[in-house]
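Work through the exercises below with the structure open beside you. Try each task before reading its solution.

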Amino acid sequence: MIEEKLKNIYARLFDSFGPQHWWPGDTPFEVAVGAVLTQNTNWGNVEKAIANLKNANALCPVAMDRMSEPRLAKLIRPSGYYNVKTARLKALISFLIRDYQGNIQRMKKGKPQELRKKLLGINGIGQETADSILLYAVGVPYFVVDAYTKRMFSRHGILSADSEYEDFQELFHSNLARDAGLYNEYHALIVKTGKTFCRPRDPLCGDCPLSEKGLPI
Ligand code: SF4
C-alpha cells in the first residue's frame, strides 16, 4: 500500500513538473560545496557565492584548501553564516584531500555506509547535507529528507511530522528501489511541490497535483 502510494505520488509529480535536472552544478565538487552553502539559506544566495568562487578561480579543492579563511569567508558571504560555513567547507575539503586525493569520484569505491559515517563525522555535516553529497555529488542512493519532505508526507498521513530523519529516509529506502536516479528526481520534485504549493501555512491543495477535490490524496 505504502509502496503504491509513494509511486503514485512520484508519478503525479513527474507528470506535472517533468524532470528537474538536479543538482544544479557543473562538477561533483561544486555540488558538494553547494550542499554546505545551502544550509539555512535559499538557492539564489548559494548561486551568488558559487559565482564568486568561480570568478576567483577558486572552485576546486586545492585552491579552497590553500585559501585563507577570511578570504574564503568573503567569497561565500552571500550564502549567510559565512564564518560557520567557511569552517565547514574547510573541514569537508581537508577530508576530501586526505582520504580521496581531492577527487569526489574516488568516494564511489568504498562502502556507502562507511562513507556516510565518515561524512557525518565532519564538523557541521548533518544527515541532510551528507545525503545530498552522497546522492547528488557521488551518485549513491541515499534519499535526502528535508523540511518539505516531512511537511508533505505528514500532511498525507504517511508519517507523523515529528518522526525522525531516519524514519522518513527508511520509508523511501524500504518501499522504493535503491536507485540514485529515482531518488534524485523524487527529492527534486518534492522541493518543487513544497515551494509551489505545500507552504508551511495555507497549503494550496486545490491547485496541487497531489490532491483530489481539493484534498490531499
Ligand atoms: S499542497 Fe496539499 S495536496 Fe499538495 S503536497 Fe501539500 S498537502 Fe499535499
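Helices here are DSSP runs of H or I with at least four residues, numbered from the N terminus. The model is a predicted one.

**Exercise 1. Backbone angles**

Locate N57 and Q101 and describe the phi angle of each.

Solution. 
1. N57 sits in the loop between α3 (43–55) and α4 (61–66). Its phi is near 50 degrees, a positive value in a residue other than glycine.
2. Exposed means a relative accessible area over 50%. N57 has 69%, so N57 counts as exposed.
3. Q101 belongs to the loop between α6 (82–100) and α7 (112–120). The phi of Q101 is also positive, near 50 degrees, although Q101 is not a glycine.

**Exercise 2. A peptide bond and a ring pair**

Determine which kind of peptide bond joins W22 and W23, then describe how W23 pairs with Y136.

Solution. 
1. Most peptide bonds are trans.
2. The bond between W22 and W23 is cis, with omega about -10 degrees.
3. W23 is found in the loop between α1 (2–17) and α2 (28–37).
4. The whole structure holds 14 aromatic pairs. One of them is formed by W23 and Y136, with 5.3 Å from centre to centre and 55 degrees between the planes.
5. Planes under 30 degrees apart count as stacked, over 60 as edge-to-face, and the rest as tilted. The W23 and Y136 pair is therefore tilted.
6. Y136 is part of helix α8 (residues 127–138), while W23 is in the loop between α1 and α2, so their pair ties together parts that are 113 residues apart in sequence.
7. Buried means under 20% relative accessible area. W23, at 12%, is buried, and Y136, at 10%, is buried.

**Exercise 3. Other ring contacts**

Which residues do ring pairs link into a cluster, and which charged end sits over the ring of Y142?

Solution. 
1. The cluster consists of Y10, F14, F143, F153, F172, Y183 and Y186, linked by ring pairs.
2. Over the ring of Y142 sits the charged end of R178, 5.1 Å from the ring centre.

**Exercise 4. Around the ligand**

List the residues around the ligand and sort them into nonpolar, polar and charged.

Solution. 
1. The list is M152, R155, H156, F197, C198, P203, C205, C208, L210, S211 and P216.
2. Cys and Pro count as nonpolar, and Arg as charged.
3. The shell divides into eight nonpolar residues, two polar and one charged.

Note on methods: Residues numbered from 1 in each chain as written. Predicted model: local features only at pLDDT ≥ 70, side-chain atom pairs only at ≥ 80, totals over all residues. Heavy atoms only, no water. Helix = DSSP H or I, 4+ residues; strand = E, 2+ residues; numbered from the N terminus. Buried < 20%, exposed > 50% of the residue type's maximum accessible area, 1.4 Å probe, protein only. Phe/Tyr/Trp six-rings, centres within 6.5 Å; stacked < 30°, edge-to-face > 60°. Lys NZ or Arg CZ within 6 Å of the ring centre and 35° of its normal. Near = heavy atom within 4 Å.
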